[in-house]
Amino acid sequence: MSNRTSAAISASATLAIILAIYIAGALLPESALRANFSQKGLPPSFEHLFGTDFLGRDMFVRTCKGLSLSLSIGAVASAISAFIALAVGLAAALGSEFVDYAINWFIDVFMSVPHTVLIILISIALSRGAFGMMAGVAVTHWVSLARVIRGEVMQIRSQQYIAASRRFGKSSLWIARHHMLPHLMPQFFVGLILLFPHAILHESGLTFLGFGLPPEQPAVGVILSEAMKYISAGAIWLAVFPGLSLVVLVLLIDTLGHSARRLLAPREAQL
Amino acid sequence: MRIEAKDLEFGYNNNNNKNINNKNINKNNNKNKNKNIISRLSLTVDSHERTALIGPSGCGKSTLSHILAGNLKPQSGQVLIDNKPLPKHGFCPVQLICQHPEKAINPRWKLGKTLTEAWSPDAQFLEAMGIEKAWLNRYPVELSGGELQRFCIARALAPQTSFIIADEMSTMLDMITQAQIWQALLRIADERGLGLIAVTHSMELAKRVCSRVIEFESLME
């Protein structure tokens, strides 16, 4: 089996699993989350795969809902972040020397601030909740992808076919759109997918610390912080299974990102 | 039409060359200011003559071609076409054909798009250039250097072009391809009355193709 085939198989398999998690979580009815006091505190069994919590809610259902919520927040946050990176990277490489200098300075500033702190601050300033967290993650995560894109543009703007295009009277915008964007797309998509796990982990982390989603939402962060109270009482399944599922989801997305890189940008994947 | 270069001055290490802003290089450069690759160069070429520009490797022929086509800005002096400077925006009437066609063509575009980037040639023109229809649907890696060079020439021969600079355009091709490509280019240049500057090492080629031969060194004072 060629490298390409195996990359394609692994990419489509991981994508299918991720989509299945998302759809399952989105389709589950609210009624499945209802408290059932006759079933509270049950350890994992075939009926309740991840056990039930102290309100009698099925933990498997809650985890699915939570992962699905994480996926949609992660998707929006990393998409916004990647678009900021694309715009900033193009502007830095194609604009005047001053613009490039200013943007590089901003990138350095963003990199020097620990971004967990920055996300917490932004999230609180925007009254927490899903919106505050998406904004926080989007605003802090574009820097490294912006650097990659700037470098790529710098490299191809000196190519002869760009100079030829200028002599044919094409504008800088036309050249960016037709010559550069197709060249940047692989980097852009791979960068976008690899931002995803960051966004999801920050979302859960912030919610766990209490700066993110409100406690009534079935987020993984909420589940984990609730579980803290019951671990000492022996109900470790409340933390272990949701936590493991989060790790598995992040690993799946990471695998998807690396298979996408092998497919779209094989030269970079070899490095 | 006439292309005129007056008192050109160009060095790759100079201050106003944006790509290199290393302070040390600039300092050195101030000490030996006369080390520019092109210094006080003047040249006039009319569009009714075919001019060959001859000189040894590394003497600055390609740099001069890039300045004449407007790719590089001279540090002083100017390039005039019919007494007007080269246009900053829009189609440049001086078109350059480079030595390596595979670098002058976007590897991610099908050749049909490359061909029509500047203008839309008709079927008759493509036949005269020896470009086959089937090639338009292929990517540059699927064609040979000679075939790609035909595309570079074809797209440079837009109706707005009045001068062609062929910078070693046939050096890396075999004899038969060289002959075919030169024949196609010369026929169209004659039909349209285009000016031609052929940059080359080869005196034989220069004598065969051109009506006037200029030694590069003789251009600088």
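Predicted model: local features only at pLDDT ≥ 70, side-chain atom pairs only at ≥ 80, totals over all residues.
One of the residues involved is B:Ile81, which stands opposite B:Lys84 in strand 5 of chain B. Strand 4 and strand 5 of chain B together form a hairpin with two residues between them, and in the turn B:Asp82 has a positive phi of about 50 degrees.

Strand 4 (residues 76-81) of chain B is also joined to strand 1 (residues 2-10) of chain B, here by five bridges, and this pairing too is antiparallel. Within it, B:Glu9 has B:Ser76 of strand 4 of chain B as its bridge partner. Strands of a sheet pair through backbone hydrogen bonds, and they may do so in either a parallel or an antiparallel manner.

## The parallel sheet of chain B

Chain B also contains an open sheet of five strands, which lie in the order 6-7-8-3-9 and pair in parallel. Strand 6 (94-97) and strand 9 (212-215) of chain B stand at the edges, and because each has a single partner strand, one side of each is left without a neighbour in the sheet. From one strand to the next, the twist averages 20 degrees.

Inside this sheet, five bridges connect strand 7 (residues 163-167) of chain B with strand 8 (residues 195-200) of chain B, the two running parallel. One example of a bridge between them is the pairing of B:Asp167 with B:Val199 in strand 8 of chain B. Helix 5 (residues 145-156) of chain B packs on the sheet, where it touches strand 6 and strand 7 of chain B, and the direction of helix 5 makes about 180 degrees with that of strand 6 of chain B.

## The helices of chain A

Over all chains, the structure holds eight salt bridges. Among them is the pair of A:Arg57 and A:Glu226, whose closest N and O atoms are 3.8 Å apart. This pair links distant parts of the chain, since A:Arg57 lies in the loop between helix 1 (3-27) and helix 2 (59-94) of chain A, while A:Glu226 belongs to helix 9 (residues 220-231) of chain A, 169 residues apart. Side chains of opposite charge can pair in this way when their charged atoms come close.

## Where chain A meets chain B

The contact between the chains takes 18 residues from chain A and 24 residues from chain B. The area buried between chain A and chain B is about 1,800 Å², and carbon and sulfur atoms give 48% of it. On the side of chain A, A:Gln160, A:Arg167 and A:Phe168 lose the most area to chain B, and together they account for 45% of what that side buries.

How many salt bridges and how many residue pairs in polar contact are found between chain A and chain B? The count of salt bridges is zero, whereas 11 residue pairs are in polar contact across the interface, with both residues at pLDDT 80 or more. Helix 7 (160-167) and helix 8 (172-209) of chain A are the elements that give two or more residues to the side of chain A that touches chain B, and helix 7 of chain A gives the most, with seven residues. By class, this side of chain A has seven nonpolar, seven polar and four charged residues.

Conventions. Residues numbered from 1 in each chain as written. Chains lettered and ligands numbered in written order. Heavy atoms only, no water. Contact = heavy atoms within 4.5 Å. Buried area = accessible area lost by both parts, 1.4 Å probe. Salt bridge = Lys/Arg side-chain N within 4 Å of Asp/Glu carboxyl O. Polar contact = N/O pair within 3.5 Å; in protein donor to acceptor, adjacent residues only side chain to side chain. Helix = DSSP H or I, 4+ residues; strand = E, 2+ residues; numbered from the N terminus. Nonpolar A, V, L, I, M, F, W, Y, C, P; charged D, E, K, R; others polar. Pairing = 2+ DSSP bridges. Axes fitted to C-alpha atoms, helices over the stretch in contact; angles between N-to-C directions.
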